[in-house]
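Hi,

Here is the model I promised to pass on. Have a look at it first, and my notes follow below.

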There are 2 protein chains.
Amino acid sequence: MSKLLENVVSELSRLPGVGRRTALRLAMHILKTDKESVRCMTSSIDEFRNGICRCAQCNNLSDTEVCEICSDRTRDRSTVCVVEQVGDLLSIENTRQYRGVYNVLGGVISPMQGIAPSDLRIDLLLDRIALGEVKEVIIAIPASVEGETTLYYLMNCLRRFPHLKITTIARGIGFGDELEYVDEHTITQAMANRREIERPEDE
Amino acid sequence: MSKLLENVVSELSRLPGVGRRTALRLAMHILKTDKESVRCMTSSIDEFRNGICRCAQCNNLSDTEVCEICSDRTRDRSTVCVVEQVGDLLSIENTRQYRGVYNVLGGVISPMQGIAPSDLRIDLLLDRIALGEVKEVIIAIPASVEGETTLYYLMNCLRRFPHLKITTIARGIGFGDELEYVDEHTITQAMANRREIERPEDE
């Protein structure tokens, strides 16, 4: 087998979810793509890996010291949404509904994976709160054992700010989810948090 | 969203089977990988794309003008196996059973996809046969409409070499396949090509 092919296949196989067969398929695709486009792709990877940094205020991925969101004067600095990772922030941004700022923890507490509270950027959240502008902290971390542990730890950290409103995003049945396939815990929460439907007024 | 992240996500999304979500997951993986390893991966892609060529004798991917298989003096040049693409050649090589040489067509005739007979490297096969060494041509192209068209075309090209033995690989039930899920055409062929089982001799 060609050394160049062998090499690219073994390198691509290191990517998550890519086995040798997929790597070979990707290599064949690359072979059919013009050289300039391939160069664009590999440059974008290198530039991303070498150029990206973490926002000094919220730990979001950023091209500059402070990210676009934190630099945006139109965003509401009185509300901070705490998320586990950048992907979660991007999902919330995609809704185009949230106008506050973020705190990207960079993980959740997990003794199994060796992630301690000190590995999370809770310090940035506390620094921001110390500035005095924050009124509400929305905690949007996953509803898992690790998430609950992290929530408990965060609540403890925030105890010394009694004026803060602390909320978590609603747990419930997702849009389009079929009740039949939803787990018991979610159904229990959705039932407990039921809301009264407003009746049309009698005329 | 960070321009560097946006850029790498849109570049990775061009790969087959990679949507924006997967591209983001790949980007996050790249971020966790050390810079040197990322550089190794991107270099291997560029070197592959810019350095690889096609074997002048069989159209296999090769680092040199003539591929390792065609250069290997221990391979049997009297048998040529005709395959559609390099992946097929690699699958046959993986069995470590075949000791002949190959002819990589580079596709099968497909008017739908605009692949004409002249796009296939049948010329290399004919050149090799003209040298006089070839005794058998094994045709190992897919059993599809395009494959059958290509087979018919090849048979026509080879008509002027009446001394050649021409074979196709056996169609039948794959190892571990469940009969229940095998298509009718394959079952029909497997039934028609049935073989008698040798009985143990009476003692």
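One definition before anything else: I call a residue buried if 20 or more other C-beta atoms lie within 10 Å of its own, exposed if 12 or fewer, and partly exposed in between, with C-beta atoms placed from the backbone. By that count, 27% of the 203 residues of chain A are buried.

Some housekeeping. This is a predicted model, in which local features need pLDDT of at least 70 and side-chain atom pairs count only at pLDDT 80 or more, while totals for chains, interfaces and linings use all residues. Residues are numbered from 1 along each chain as its sequence is written, and chains are lettered from A and ligands numbered from 1 in the order in which they are written.

**The chain**

Chain A has eight helices and six strands; these are DSSP runs numbered from the N terminus, with helices being H or I of at least four residues and strands E of at least two. Reading from the N terminus, the order in chain A is α-α-α-β-β-α-β-α-β-α-β-α-β-α. The radius of gyration of chain A is 22 Å, well over the 17 Å that the globule rule gives for 203 residues, so chain A is more spread out than a compact globule. (That radius is taken over C-alpha atoms, and the rule is 2.2 Å times the number of residues to the power 0.38.) The C-alpha trace of chain A spans about 75 × 45 × 45 Å along its principal axes.

On contacts: two residues are in contact if their C-beta atoms, placed from the backbone, lie within 7 Å. Taking the contacts in chain A between residues at least 6 apart in sequence, 47% join residues at least 24 apart.

**How the two copies sit together**

In the interface, 38 residues of chain A are in contact with 38 residues of chain B. On the chain A side, at least two residues each come from helix 1 (3-12), helix 2 (20-32), helix 3 (35-51), strand 2 (61-62) and helix 5 (86-94). Helix 3 of chain A gives the largest share of that side, 14 residues. By type, the side of chain A that touches chain B has 20 nonpolar, nine polar and nine charged residues. Here Ala, Val, Leu, Ile, Met, Phe, Trp, Tyr, Cys and Pro count as nonpolar, Asp, Glu, Lys and Arg as charged, and the others, Gly among them, as polar.

Now look at helix 1 (residues 3-12) of chain B, where seven of the ten residues are buried. They are B:L4, B:L5, B:N7, B:V8, B:V9, B:E11 and B:L12. Their cover includes helix 3 and strand 2 of chain A together with helix 2 (20-32) of chain B.

**Strand 5 of chain B**

Strand 5 (residues 136-139) of chain B has B:V137 and B:I139 on a covered face, and B:E136 and B:I138 on an uncovered one. Strand 5 of chain B runs parallel to strand 3 (residues 76-83), joined by four bridges, and B:C81 has B:I138 as its bridge partner. Four bridges also join strand 5 to strand 6 (residues 165-168) of chain B, again parallel, with B:I139 opposite B:T168. (Strands pair if DSSP finds at least two bridges between them.)

**Two loop residues**

A:N59 has a positive phi near 75° without being a glycine. A:N59 sits in the loop between strand 1 (53-54) and strand 2 of chain A, and counts as buried with 24 C-beta neighbours inside 10 Å. B:R96, in the loop between helix 5 (86-94) and strand 4 of chain B, also has a positive phi, near 55°, and is not a glycine. B:R96 is exposed, with 7 other C-beta atoms within 10 Å.

Cheers
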